[in-house]
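Look at the model below from end to end before reading on. The paragraphs move from the overall form to single contacts.

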Amino acid sequence: LGTMISGSLERQREEMQRSHKTKLRKVQIEVDNLRLEKNRLEESIARNERACLLEKERDWYKKEALHLDKVLEQTKAKHRDVMEKFDECEQ
């Protein structure tokens, strides 16, 4: 009887250990998946932040280009006026 009880307890212990190991593996897989997802999200955030920075730089360069274009047009107009006055003075 004692041997039967010991055998039964041993089987139950082994079943619990297998069950526990299975649960631990599932938890470890979930932890690994969450770690991968966290890394993916961090990379996505970094790309998004970089994209926002590049958009700000692009907007600044566009604004600067428009400003310089306006300055160039004003300078051309002044140059035409000066040349017209110069031509008038020569005549």
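A residue is called buried under 20% relative accessible area, exposed over 50%, and partly exposed in between, with a 1.4 Å probe and protein chains only. By that scale Glu10 is partly exposed, at 32% relative accessible area. This is a predicted model, so local features need pLDDT of at least 70 and side-chain atom pairs count only at pLDDT 80 or more, while totals for chains, interfaces and linings use all residues. Residues are numbered from 1 along each chain as its sequence is written, and side-chain values use heavy atoms, without hydrogens and water.

Start with the fold. The chain has one helix and zero strands. Both kinds of element are DSSP runs, numbered from the N terminus: helices are H or I with at least four residues, strands are E with at least two. Helix α1 covers residues 2-90.

How does the radius of gyration of the chain compare with that of a compact globule of 91 residues? The chain has 39 Å, whereas such a globule would have a value near 12 Å. The radius is taken over C-alpha atoms, and the globule rule is 2.2 Å times the number of residues to the power 0.38. Two residues give a sense of scale. Asn48 and Arg13 are 35 residues apart in sequence and 52 Å apart in space, C-alpha to C-alpha. Asn48 is found in helix α1 and is partly exposed at 47% relative accessibility.

Now the surface. What share of the 91 residues counts as buried? The share is 0%. The accessible surface comes to about 9,000 Å², and 58% of it belongs to carbon and sulfur atoms. These areas come from the Shrake-Rupley method with a 1.4 Å probe; for residues, only the protein chains shown count as cover.

Leu1, Ile5 and Leu9 form a nonpolar surface patch, with about 350 Å² of accessible area together. Patches are made of residues with over 30% relative accessible area and no salt bridge; like charges are joined within 9 Å, and nonpolar side chains (Val, Leu, Ile, Met, Phe, Trp, Tyr) within 5 Å. Ile5 lies in helix α1. Its relative accessible area is 45%, so Ile5 is partly exposed.

Turn to the charged contacts. The whole structure holds five salt bridges, each a side-chain nitrogen of Lys or Arg within 4 Å of a carboxyl oxygen of Asp or Glu. One of them joins Glu10 and Arg13, at 2.4 Å from N to O. These two residues are separated by about one helical turn because they are three residues apart in helix α1. Arg13 is partly exposed, at 39%.

Glu37 and Arg40 form another salt bridge, with their closest N and O atoms 2.7 Å apart. Both lie in helix α1, three residues apart, about one turn of the helix. Glu37 is partly exposed at 35%, and Arg40 is partly exposed at 43%.

Arg58 meets Asp59 in a salt bridge as well, the closest N and O atoms being 2.8 Å apart. Arg58 is exposed, with a relative accessible area of 52%. Asp59 is partly exposed, at 41%.

Next come the rings. The structure holds one aromatic pair. It joins Trp60 and Tyr61 edge-to-face, 4.9 Å centre to centre and with 85° between the planes. Rings of Phe, Tyr and Trp (its six-membered ring) pair if their centres lie within 6.5 Å; planes under 30 degrees apart count as stacked, over 60 as edge-to-face and the rest as tilted. Tyr61 is exposed, at 55% relative accessibility.

Last, the cysteines. A disulfide is a covalent bond between the sulfur atoms of two cysteines. Here it is counted as a pair of cysteine sulfur atoms within 2.5 Å. How many disulfides does this rule give? The count is zero. Cys52 is partly exposed at 36% relative accessibility, and Cys89 is exposed at 67%.
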